[in-house]
Each structure stands twice: as structure tokens, then as C-alpha cells.
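I opened this entry to keep track of what I looked up, one topic at a time.

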There are 2 protein chains.
Amino acid sequence: MSAIFALAMSTLAAQQAVQSWDAKFRAIPDAGNIGEYIKRMSARPHHLGSPYDKDNAEWILAKFEQWGWDARIETFDALFPTPKERVVEMIAPAPFTLKLEEPVVSVDPTSGQKTEQLPSFNAYSVDGDVTGPIVYVNYGRPQDYEDLERRGISVRGAIVIARYGNSWRGIKPKVAAEHGAVGCLIYSDPMDDGYFNDDIFPEGPTRNGTGVQRGSVMDMPTYPGDPLTPNVGATADAKRLDIKDVATLTKIPVLPISYTDAQPLLAALKGPVVPESWRGSLPITYHFGPGPTRVHMKVSFNWNRAPIYDVIARMQGSTYPDEWVIRGNHHDAWVNGAQDPGSGMSAVLEEARALGELARQGWRPKRTVIYAAWDGEEQGLLGSTEWVEAHDKDLREHAVAYLNSDGTGRGFFNPSGSHALENLVNDVARDVEDPETKLTVWKRQQARRIANGTREEKNDARTRADLRIAALGSGSDYSSFLQHAGVPSLDLRFGGFDSSDGIYHSVYDDYYYYTKFLDTDFAYGRALAQVAGSTIIRLADADVLPFEYADQADTVQTYVKELQALLKTQQDDMRERNREIDEGVFAAINDPRRPLQVPKKETVAPALNFAPLENAAEALTQAAARYRKAADTARPKLASNSAAVRAINAKLLQAERQLTDDAGLPKRPWYRHMLYAPGFYTGYAVKTMPGVREAIEQKEYAAAETEIVRVAKALEREAALLDSISSSLQP
Amino acid sequence: MSAIFALAMSTLAAQQAVQSWDAKFRAIPDAGNIGEYIKRMSARPHHLGSPYDKDNAEWILAKFEQWGWDARIETFDALFPTPKERVVEMIAPAPFTLKLEEPVVSVDPTSGQKTEQLPSFNAYSVDGDVTGPIVYVNYGRPQDYEDLERRGISVRGAIVIARYGNSWRGIKPKVAAEHGAVGCLIYSDPMDDGYFNDDIFPEGPTRNGTGVQRGSVMDMPTYPGDPLTPNVGATADAKRLDIKDVATLTKIPVLPISYTDAQPLLAALKGPVVPESWRGSLPITYHFGPGPTRVHMKVSFNWNRAPIYDVIARMQGSTYPDEWVIRGNHHDAWVNGAQDPGSGMSAVLEEARALGELARQGWRPKRTVIYAAWDGEEQGLLGSTEWVEAHDKDLREHAVAYLNSDGTGRGFFNPSGSHALENLVNDVARDVEDPETKLTVWKRQQARRIANGTREEKNDARTRADLRIAALGSGSDYSSFLQHAGVPSLDLRFGGFDSSDGIYHSVYDDYYYYTKFLDTDFAYGRALAQVAGSTIIRLADADVLPFEYADQADTVQTYVKELQALLKTQQDDMRERNREIDEGVFAAINDPRRPLQVPKKETVAPALNFAPLENAAEALTQAAARYRKAADTARPKLASNSAAVRAINAKLLQAERQLTDDAGLPKRPWYRHMLYAPGFYTGYAVKTMPGVREAIEQKEYAAAETEIVRVAKALEREAALLDSISSSLQP
């Protein structure tokens, strides 16, 4: 078709053209290629700063170039302490030196690459040499310390031992230090990550007795990225903090250990027996301590900086080149990383190859498409964060959306992200085939919601046009895009059937394991490439940006109701507890052989003025409906690349940005999104409307009132923006 | 006071006199005595048929006589097979012979009385010599077999291994045999009964690796008592069934084992990994099987009869001698039995001593009081059942109430039983002091309900005059009284703090354990004696029997609502499942690596006519209210021992009997109570309105309609009886 006609064709006809390109695209990704990428990238350990990390970056760069992309490596330079000394020894009641070592598994060919492996450790632990009694703190969450307090057990001066799971690992030493602990060991309990769940590696997929979960423990909920350069890119000439002024290092030394190493420590503990929800699957009785287990723990690190190699590939937009659609996955691993990040990174690469192939067939994206392979994700989203901070202004001006992936699996397509993209990702999911059932991935996810949902969720899954997507917390590279720069983001994954917990962040996350226990024929890697690539094409080629605010407003309404319910529950619980204290209930039910302290009465949470939030949510709902109606009416008359379309998109591009506030969240200004943030005490798990929600949870009611107004203002800004588009569309 | 005046005094004044006697009574029980009784009775193994069982019976007899009771031993003669051969050996994948032996624990002086101990076994298992693959069946309940069926796993020809708990042990081989298994092993998983819960014996109170739970596996939900003599007392000349015609023996050989013996069998199993709710605390991955574990199991028994020594003590009533108030606890144990039955039996003895003492101080019960120490409870309630069957006609004529106890513990007073006695037992609980808190035992139980209850239960505990009591299923000697003879019954226990699971039915349930881990100072034994003795005195001395039907009617109304909700839930679930089958949900969510079969569609449960039950419950509610009003109005005018009082009591005595039906429950006519029975597939746990409830559960809807009418008729009979009393009381 002629260029003139193309320019003149309606946005509706253009949409059909998009669909035909993305159908063509979906035929290209090849599972065999994905397997080859994983094999190549996971052939050797490739953590940040390692030779093979750089080698992979250069290989990825070469691949992008081979596929016709304009690619380069952007380099940053970030703090990355690596272990110098690691000693943990039980000194009472009996001597025992922990191995702190993952042994070679003979059937697993890469598990023995000892010279290139980093030993097991937690990144951004401070140096320390401490001795103290052990206290078992369950998952090490704030509520676990409430349980300790009811029993009059203090961790002051103690080394806590926490089990992995139910919070991001960095939360565990943070909360331990808040309570006065001097050290923190984190172990993988076989109930959460071991034989309780399935046979252990190499017979089965779960963590064996000596497997250790490495991982970062920086205070990511304060800010992610290079600890030395908050808010700015860690370029060579960036102004850096002194290490002593860094807020995101731990306050106490931390080390991860295996359950074989943990068992003697836990078995020797005395003190009261822990409650049922605290008990794991080791064949012992779990006690709180403190002691008689005493431990000496010494860790020290090389406090060096490491180079970050972010591979950035561009395909210039033909029509709206200043509007950027961004896709990324990290390429660095803790060790070999076949699953994390290989499973996601390989899909990204296969998309890049397929888009290159599509371009050879004549496709030109209307918008600029940027593909990224991030480095240093494992340490704390270093590569993506430094890139976002370095390009913050550009991103706020140009970024349409960011699509992330990371480790992915087999089963159900379960996207999460910005709710303005909910409709788009649902539409794509309706067009992609599930490898196992040959249903669409949308249909299979719907079936799962029907099967496992509450009555309300079943009904939702059956009757709502779009399946709801979850909000994003943290734990992968979308965080800076969404929560710092206000770029609408999606995180795309398959999963539900095979847990990869068993080798997560261990030397056994490798090609041998992957091809034995996970997406063994790479069919789901291909499906991920199809889903993500199609989403990219639709974002790149739709004339009017395919954002849907009715879904978003609907979700915002549910958040307002949740917050009201949260406060109500808190009030009811406080009232009830106070009443029970008055009635003497706690004293009456006390077992003198296992005494619990009577909790203190507290002032019942006040009523809060939710009206600003209710009004703003309603305004957004109305504005979203008006926008949808106006856009649908206008669409047949809107010519591609017309001034009208450009004007609409210029505003739509800024819609999610209205939800950010430059002052950021209370106590953590790096986080600027008013709807989504990782919880200050959860780490991975999202807190929606975090300023309000966490203020209520922390019982800071004056702050909650202030935050209600700030969130309301953000929603009003977005509603006003949408209304201004709707007005401009009216004849 | 003169006899003339006593006869003429009002029932109200008489009540005050009762209260003063029972206050005097409560000062008498002595904790030290209780400890001595436990020590004496548990000094040697004393199972049914053993020398020390007889010795204890004779000692108890002597005690009753010493305390002024008219006592004797009633003897029956019941089938009691004891082990001749017990062999279990794993023959694949590796040979392993199970120990089947509880070792001597050196600190525990009676654990080594080997010559008098019965080895670990399950009574009323048939003989058998079987070999087959092992299948793990979780708790061995019907729903567990549904889980197996979804995975296409059959137990036909296999030996099942079930864990103890969550159903009465006799259910496990029964359901296994229904599904075609050829043998059944039952083991104690450390999650339910071992180190998961607390330190193991002798360091702590939970079951150690070699501890075994003995116990009966007769089909007690069909009928308890001597298998050879259903419905009649097993006297010397009773007509006996041939063993081959007995319905209550198991269909397949059964043996209980320790978790040390079970672990190699379970660890070697393959097949799919079991779902989370099936997993225990052994340090292994639990698989279903079948195989490769294969086991050879051989058991045979000495099919002999054993003498039952029921010790029966009477104190003749002064005023209403033909009205009997009965109290009992068993004296036989599986081995030494300090907790079971010593803790309860010793309280009964101390009550008997205290009542004797009270008689010496001048008290004479108005009604005849009968104290019983039953034999052969452990085999299947033999002693109490044979006595009830032997005296069925007399009991139906004379029995006012039966108060049972058995193993008891420390903590909360938690009575259960006939709801006509709910008010009485609440009143007593308001007068007895809790040893630990010095609150009344009523107040402490109320606090517990407030602390642990749902919103509705909290409100109930705070506002309802009486704390609700639970209905009785089975598992102790009340069963025949209540469910066969229709005698209003209570089961009285303290508990909630210390689990005695760890030594339940093992050689370690002895004085050493008891005084280290349970009611170590016997204070709760004393409290039980106070509660039970006071209840006995009030039942014996109240002129108008202290039954309260408003409580009962209130509870009956809740049962009707529960049944309606049960049916509604069943209909909703069936409709939803059928819909999901039609939608293809099960196929869509299937994991091809762990396939589940799609369930079959089924006809949705029909609506049932609950009107007869609703009307009857309403009639009972009205009649109960009328009776209460009439009785309260009449009370000041009713003279003790007057013809009017005698006429009222004659009817009240028959009130609970109206709830029985001579035709009994469907498929198990021995059970005649229309409100209470042990579940056919639960064994211990009660099914209220069992005919209706189990018909709905088993999807036998025509039977449910029939049973609704039968239950309604029973309630109507009772309502009519109460109305006839109310009419007679009107001026």
C-alpha cells in the first residue's frame, strides 16, 4: 500500500494492520533457539563483575546487532561487596562449624565450576564479628517479633536465625536490627523450600540439604540501585556517597545458610516451643531460644565497585519516534542462572530476533522500540535503576511503557502491572496459544481463577471482560520504571506448575536442572516471547495509545474500599482486644506453664476522612468513561499520525506520570508512585496506595489523612488530563 | 430439722439445702488422695483380662465398701482377641523388618514391665497373612480416597498405610477395606503426635520415635460392646454369635506402628507427591505409591473371651429411691494407664469417698446414686455397654442421668452431653473454682470462648446465660447410656493445655509421665471431682429434676439450620462443579506432568422438605418455654416428695427417652437416639440428627426425607410430654 494511503487511513484500519503484523510475529519465535540462548548464557557463572557476565553482555550485543538492532552497551559502576571472610560456628552447647558450601553434584556438569562461583552470601551485609545466643524468629517479620514479645523474649544482643520466605530477605535483618539483634542467619527450611514439597535435587526439583539461597539484603524498600548514587545514574563521574552515609546497607552482619547447617543450631535451642505457624519440616522440635545455642559469626567483604553492562538496543520508530516502548530482562545471575534470568532473558532475545525478522519482512514500528538486557539485577536492580536514573528526564518525556520479565515457568500466564495496561495485556492473551492445552493463555488463566477463586472471584473471572491483573511490588527491573519514573509497566510471566525454589539463587540453577525439571522443551519460553512481542507491537503501532482507564479506575475503587475495610478491621480488632483486656480474658486463658504477656490497651484508630479519595476515585471513574466514549466515537475519524492523534498521545503519555508525586512516599522519597510500591516491611509484596496503607498499618493516622489527600490529588490530576483529552475529541 | 418439716418444705427451700450440701461436699476432695489412687491403679499393666485388672477391680470394690457404699462386681464375658503373631517386613525395594516394640525408657520405672504388657496391636483386627504394595492414604477417611481417585490411584490389593488422627482409628481399616485394600498399617506421624508439637518423651511430653498407639478397631459406629452379644448383656448364659457372623470385626488385618517403623516404608514410596494437607513431619517427601515399597504383614490372634469386672456401688435414695443418678469411668487401661483412665477414675473414687464422708455427716441422697468403674472400655466400651444392655429395661425406667469421665487434663472445664443438662452443668461450673486462676471454671471457659471464638461465638459467650455444650459422639462409656438407652448424659473433662497424645495408649502412659507432664499436683483431678460430685448431688437432691429444655430446644433449632445449610452448600457445590466441568475448567487447569482426572457430573441434590423438622423444633421451643414458666410458677407451691412432684419427675425421667426410636438409625439399629450418634465415617466425632445428616452427606435424599420425619416425630413426642407436664402444673 502507498505511503499516502497509509497516512490517510483511519486508526481503525491501522489497528487491523497491527494485528496482522503481530500475528505474523507470533509465528517466528522458536523454542529451540530459546534453549540455545539459555545454554550459552548459563554455561558459566556470570554474576555482576565476573568475566562471563561481560562476555554474555558482549554476546547479547552481537546478537542484537546481528538481528538488525542499533545496540550498544551502557556502562555504570556500582558498589558490590563480595565475601572476604565467612565463618559461622556454634560454640555452645557443642562445637559445630557450619560448612557454608554447596557441594558438587556429580550428575550436574556445571555445579563444579568452583573457581568462577561466588560463595553463598547476602550482598550488602555489613562486615561484622559477633557472638551471641541464637533466637529463632520464624520469617523475621514484624508480626513474628510481636509473638516473641508476648512471650517476653528479646533478641537484644542475640544472633537471630530466620527462615527464608514470606517476606523479601532484606526485611529479615532490617527488622532484626530494629529489635536489637547483633547478627542474622537466614536458612531455607525444608517446609518452605525442601523435601516437604517434593524430592530434593538431583532426584527431584527441591532444595537439598546443602543448597543455599544467595541474595541481596540491601534496604530496597528505601531505594534500589547503587547504594552510593541514589536518584542519579552511577556514571563514572557521578557524585557518590561515602559508604558510611549509605542508608541501604544492613545494620548487622547477615549470612544465608543451608538447612543442613541450620539444623544443629536449631536442634540445640531451648526455651518455649514455638507456635504451630512457626514450625518447619526439620525432624526436631522448634524452640524460640535464646540459647543455649551460642554462635560466633564473622563476615567481611571486599568493598569494591563493579562495572555494570546494560545492553540497550533500539529500533527507531517510523511515525512517532519520540515515543519509546521499552522491553527488558536482566542478564546477570547469582551463579549460572539458567532459570533466573535465563528463562526470561532468552525470551527477550527471541523476541528481538523475531522483530528483526519482521523488520526484514517490511515491518517498521511506528514508535521507537528499545530492548534492554540489564546487568546487576541480583544485587538490587542496579542496571535498570541506574539506567532509569540516568535517563529519568527522557523517560518522563518519551516512555510509553516498560515490559519486564525475569525467571518464567510453565503453566498459567499471570501478568501484573499498571492497570492502564490491563485491557491491552488481556487482549494479547486472548490471541496467544497455551502450549499444553492449545487454549488461549487467557482462557487457561480464566479457568484457573474460576477453579481456585472465592465466589466473588469466580464471578469476576466469568463476567468481567478483562481478567484483573495484580499490582507490582518489587523484586525485578520494573521497579524503577514504574515507581520512580512513572512509566506504565507490566511484568510478564508464566508459572504455577513447577516451583524453581529448589535451586533459586544456588549453584544448581543451571541448564541441567532446567532441562530436567522446568520448561524442558522451552515451549513456555516461546509463549512468553509471543505474548511480550505482541504487546510490544501493539504498543508500538497503535495510533492512539492502547491505554484503558476504565479498568484502572475500577481497580482504584477497590483500593479505596480495601483501605476503608483495613481501617475498620483495625478499629474493630483494637476495640475487641481492649474489651478482652478489660474483661480479663487474657489473664484467664493464660497457661501458667507457658505464660503469655497480656497485651497493652491502645487507643482505637480514629475515623479518617476518606472523602477526598472517594471523590477522586469517582472523578477518575467518570473521566475514564468519558474518555472511552469520546475515543470510540472519534476513532473512525482520526487519521494516523494526524495532529489530533499526536496531541492525544502527548497527553496519554503523561497519564501514569500524573500518579507520581515528586516528593515521593513518606520516609522514602525515591518512590514516587502514589498507587504502587513495595511494602516497607514486605519488600517484594506490593502495598497499593502505599502512603495511606502503610500509615494505617503503622498506626500513623495523621500521616494517613495527609496521604489520602496526596493520593486523591494524583487521581484528580489524571482525571483532569483525561477530561482534557475527551474535550479535545468532541466535535 | 424434723422429718415432718423436711417433707413439708417447699422445693425452693429444698434447693437451698442441696446447695449447702454440695458446698460442703466440695471441701472434701483431696488432691493427694487422687495422686495415690493413680499411683496404685497404674502400678502395673491392667488391661482387660490381666491379673492386675482384676486386682484393681477388687481394690476399687474394697474402697467403695470402706467408704460406706453398697458395692459389688458385676461380671460379663466378652470376646477379646490378643496377639499371637505380629510380623511386618518390607520386602522391596530393600528388606527391613519392623520392630513393633516400645523399648524400656530407663528413667521411667514402669516402662519395663514387659511380662505384663500386651504388645502393640489393634483389637478386633482379623487374622491375616498378606503381601502387597504400600499406598499412603493420609488419615484414611472417605475424602482421602477421593483424592486418590482424582489421581487414578487404586488401593485394590494393596496394604494401605494411614496416619493416626482426624478420625477414629477403626474408620481407617473400614474405609480401606471398602476400597479393596488387603491390609492396613496405622502409624503416628510426628506432625500429629511427635516432635513437631513438643519435645519427645522422656525429655518432653510428645510421642517418641518408637511409641505406638494401641487401640480398638472394631466397627463401633455399628455397635459397641462385646461383638458376640449385640443388644444383650454378655452374661454367662447369653446367646452368642458365631465369630464368622460378627459385623464389627475388621475385614482386613490391621496393625499400629511407630514412626520409626513407618519411615523406611514411606521413604521408599514413589508415585506422585501428595498434596500439602497430606504431608507429615518425617524428613522425607511423602508420595502416594503404590510401591515400589512392598510389605508382608502377618497377624494372628488368640480368639478368646475375657472376664469383665464392672464395679458397681450404690447409695440408696431416701425419697425417690427408684430414680437413679449414675456416675462412671472405666478402670481398665491399655497398659499402665495413669492418664487414661487413671486421671478420671481417681476423681470418681475421690467423689465416692467424699459422698461417703458427706453421708457420715448426715447427708442422704433423695435419689439412688450409683457409682461405676467400668472394665473393658479400651476394647470398645465393653463393660459399660454390656451393663447397659443387661439393665436396659431398668435404665429406661429408672435412670435420671449418666455422668461420665475418662482421661482428663489441665486447663478449661469443657463438658459435653445432652442439652437438657446444659443449664445444670453451667450452674455447677459457676460454683467451682479453677485451681490456677481462682476464677470459677465457668468464667475461665467463658474467657476462652471469647478469646478464640468467631464474632458470633464471642457474642454468644458474652450474652447467652449458659455456655453451649457440645454434643456427644463416641469414644467413652457414655455412648450406650445416651445413644442406646436414651439416658441424658454428660461427659466431664478438663483440658486444653497439655496434650497427652504423646503417650496415649502406649506403655509410657504411667505415673512417671503423669507426674512430670500432666496434672502434676492433681489439682485438676480434684476440680473434676468437685464438678462431677456437685452435679451428682444436685441431680440426686433436686425435687423437680433440674432439666432445662429451653437450652435443648435452642440447640435443636441450630441443628435444623445446620442441616439446611449443609444441603444448600452441597447443592451449590454440585452446581458449581457441574458448571466448571461444562466450562472445561478441570481440563484447562490440569498439569500434564501431574494429571488429575476430571470429576464426573452429578445430579444436583434435590430440595428437601424440612418443614416437619422446622415445625417440630418450633413446637419443642414453645413447649420448653411453657414448661419453664409453669414450673417456675408452681415451684413455691410444690412440696418435696408430693404426688405432684413425683408425677412431674415420672414424666421428666422419660423426656430424653422420647428422642429415641426403637427402630434405631438406618443401617445401625443399635443406635436409638435421634439427635446424637458417632458418625458412621468419623467414629469419635458426633453427627447430630444423624439419620438426616448422614443421609444428606451420603447423597441418599429419599432416606433423608424419611429421617426428617422420624426426627420430627421424636421432637414432637418430647414437646407433647412437656406440654402434658405444663398442663398438670396449671392451677
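**A helix pair in chain A**

I started with two helices of chain A, α13 (residues 422-429) and α18 (residues 523-541), whose axes come within 9 Å and cross at roughly 125°. The pair α13(A) and α18(A) is therefore oblique. I noted that the model is a predicted one. I then looked up the handedness, and α13(A) passes α18(A) in a right-handed crossing.

Which residues meet where α13(A) passes α18(A)? From α13(A) I listed A:Leu424, A:Val425, A:Val428 and A:Ala429. On the α18(A) side I listed A:Val531, A:Ser534, A:Thr535 and A:Arg538. I sorted the residues of this contact by class and got five nonpolar, two polar and one charged.

**Domains of chain A**

Next I looked up how chain A is divided. Domain 1 is made of the segments 31-78, 306-431, 470-491 and 509-542. Domain 2 covers 82-301 and domain 3 covers 550-729.

I took the C-alpha centres of domain 2 and domain 3 of chain A and found 33 Å between them. How many residues does each of the two domains give to their contact? Domain 2 of chain A gives 17 residues and domain 3 of chain A gives twelve. On the domain 2 side, the elements that give two or more residues are α5 (142-150) and α6 (171-178) of chain A. By class, I recorded nine nonpolar, five polar and three charged residues for that side of domain 2 of chain A.

**Chain B against chain A**

I moved on to the two chains. In the contact between them, 32 residues of chain B touch 32 residues of chain A. On the chain B side, I found that the elements giving two or more residues are α14 (441-452), α19 (549-583) and α20 (585-588) of chain B. Which element of chain B gives the largest share of that side? The answer is α14(B), with six residues. I also sorted the chain B side by class, which gave 15 nonpolar, six polar and eleven charged residues.

**How the copies are related**

The same surface serves both copies, as 100% of the contact residues of chain B recur in chain A.

Note on methods
Residues are numbered from 1 along each chain as its sequence is written. Chains are lettered from A and ligands numbered from 1 in the order in which they are written. This is a predicted model: local features need pLDDT of at least 70, side-chain atom pairs count only at pLDDT 80 or more; totals for chains, interfaces and linings use all residues. Two residues are in contact if their C-beta atoms, placed from the backbone, lie within 7 Å. Axes are lines fitted to C-alpha atoms, for helices over the stretch in contact, and angles run from 0 to 180 degrees between N-to-C directions. Helices (H or I, at least four residues) and strands (E, at least two) are DSSP runs, numbered from the N terminus. Angles under 35 degrees count as roughly parallel, over 145 as roughly antiparallel, 65 to 115 as roughly perpendicular and the rest as oblique. A crossing is left-handed if the near helix is turned anticlockwise from the far one by less than a right angle, and right-handed if clockwise. Ala, Val, Leu, Ile, Met, Phe, Trp, Tyr, Cys and Pro count as nonpolar, Asp, Glu, Lys and Arg as charged, and the others, Gly among them, as polar. Domain bounds come from an automatic or database domain assignment.
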